[in-house]
Amino acid sequence: MRSYSLTAPAKINLYLEILGDRPDEYHELALVLQSIDLADKVDLRSSSTDTIRVRCDYPDVPQNKGNLAYQAAQLMVAEFNHAFAQYGGIEITIHKQIPVAAGLAGGSSNAAAVLVGLDLMWKLGLTQSELQELAAQLGADVPFCIAGGTAIGTGRGDQLSPLPGLDNLYVVVGKYRNLTVSTAWAYQTYRQQFGNSYIADQDLASRAAAVHSGSMVKAINNKDGVQIGQLLHNDLERVVLPAYPQVLQLRQTFQNTGALGAMMSGSGSTVFALCESYNQAQQIQQQVRAAIPNSDLDLWLAKFSSTGILVQSTAKN
Ligand code: ATP
């Protein structure tokens with residue numbers, strides 16, 4: 001029996017447009033998603049018990065059924081009961097680097113790592129699209145986290161079309177440690193304030209299709225970092241920035257550094273600055289630290305990544 005260590009990267013949204021309502025109460029979205037090399041490590045091992053156990057040393061991350069990684073294991077047990085019976089219980093240990101409830105899909109990426117890891121551990125031989133179908137049952141961001149890289153996401157954000165990799169760009173990611181924004185609150189508030197401008201049901205499919213030929217996708221196809229920086233977009237800023245002055249201030253500080261662009265990721269409260277080089281990212285990190293000398297502000301420097309879940313190492317149990 002082998003144990004696996006997997007790398008589970010964070011994602012940022014280069015583009016997030018809310019198109020309309022869906023019958024399942026989610027929103028119809030047009031996203032451009034990007035993996036970055038700020039990543040958690042997820043260790044998986046089999047145990048002699050017949051239970052699933054999850055451990056995580058990070059505050060506010062549940063160590064029970066509330067953990068998305070646990071739910072991923074539960075789903076695999078339900079789908080592949082014969083393998084569970086053969087290989088025994090599952091121990092999951094999550095080493096957190098990705099800030100929690102930050103709009104960086106940390107939980108989703110951990111869940112994706114468990115799907116990929118158990119597929120290997122149980123020798124199931126699932127294809128990427130089979131893994132993504134399972135992932136979609138766990139959350140809208142989980143299918144993207146499997147393969148990562150750069151992709152368009154439509155529907156709930158889980159109808160994916162891969163784009164060419166952009167692995168020579170960098171980001172400085174900033175978040176106030178004690179400031180979180182509820183994703184549910186952000187989308188509900190957006191619906192209350194802007195729901196009357198939603199696209200009619202019959203026009204949704206053509207609008208979603210148009211994203212494929214939109215300016216952001218062209219800029220990515222041309223690997224044009226300057227254009228990408230100018231086209232960064234996130235509709236949720238319209239509700240989050242007025243309600244959270246610290247996020248607004250951080251966003252403005254990033255914008256004033258001379259970065260290619262700055263934007264909130266997902267529903268926040270993380271903000272990122274897009275940078276053309278490692279050196280620029282280092283300078284911007286220092287500039288922001290000097291401009292906001294608040295010890296509650298965490299800053300990370302990360303590189304765009306063209307991969308999703310990766311096996312870091314394997315060992316015999
Ligand atoms: P998204 O961008 O997909 O909305 P997020 O980055 O905003 O995700 P997460 O870090 O995934 O948010 O955490 C959201 C909530 O989920 C947290 O409040 C946390 O308690 C819970 N959670 C469950 N499992 C995990 C996990 N493995 N890692 C982090 N948070 C988790």
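Contact here means that heavy atoms lie within 4.5 Å. The structure is a predicted model, in which local features need pLDDT of at least 70 and side-chain atom pairs count only at pLDDT 80 or more, while totals for chains, interfaces and linings use all residues. Residues are numbered from 1 along each chain as its sequence is written, and side-chain values use heavy atoms, with hydrogens and water left out.

Asp-40 counts as buried because its relative accessibility is 1%, where buried means under 20% relative accessible area, exposed over 50%, and partly exposed in between (1.4 Å probe, protein chains only). Apart from neighbours within four places in sequence, Asp-40 is in contact with residues including Leu-6, Thr-7, Ala-8, Ile-94, Gly-106 and Asn-110. Ile-98 is also among these contacts, and its backbone nitrogen lies 2.8 Å from a polar atom of the Asp-40 side chain.

Helix α1 (residues 68-79) and helix α3 (residues 106-121) pack at an angle of about 30 degrees, with their axes 7 Å apart. Axes are lines fitted to C-alpha atoms, for helices over the stretch in contact, and angles run from 0 to 180 degrees between N-to-C directions. The contact residues divide into 9 nonpolar, 3 polar and 1 charged.

A backbone N or O atom of Gly-107 is 2.8 Å from a ligand oxygen. A polar backbone atom of Leu-104 lies 3.0 Å from an oxygen atom of the ligand, and an N or O atom in the side chain of Asp-141 is 2.7 Å from a ligand oxygen.

Some backbone details lie in loops. Glu-25, in the loop between β1 (2-21) and β2, has a positive phi near 75 degrees without being a glycine. Glu-25 is exposed, with a relative accessible area of 66%. The peptide bond from Gly-268 to Ser-269 is cis, with omega near 5 degrees, and Ser-269 is in the loop between β9 (261-264) and β10 (271-275).

Terms used: Helices (H or I, at least four residues) and strands (E, at least two) are DSSP runs, numbered from the N terminus. Ala, Val, Leu, Ile, Met, Phe, Trp, Tyr, Cys and Pro count as nonpolar, Asp, Glu, Lys and Arg as charged, and the others, Gly among them, as polar. A polar contact is a pair of N or O atoms within 3.5 Å; within protein, one must be able to donate a hydrogen and the other to accept it, and residues adjacent in sequence count only if both atoms are side-chain atoms.
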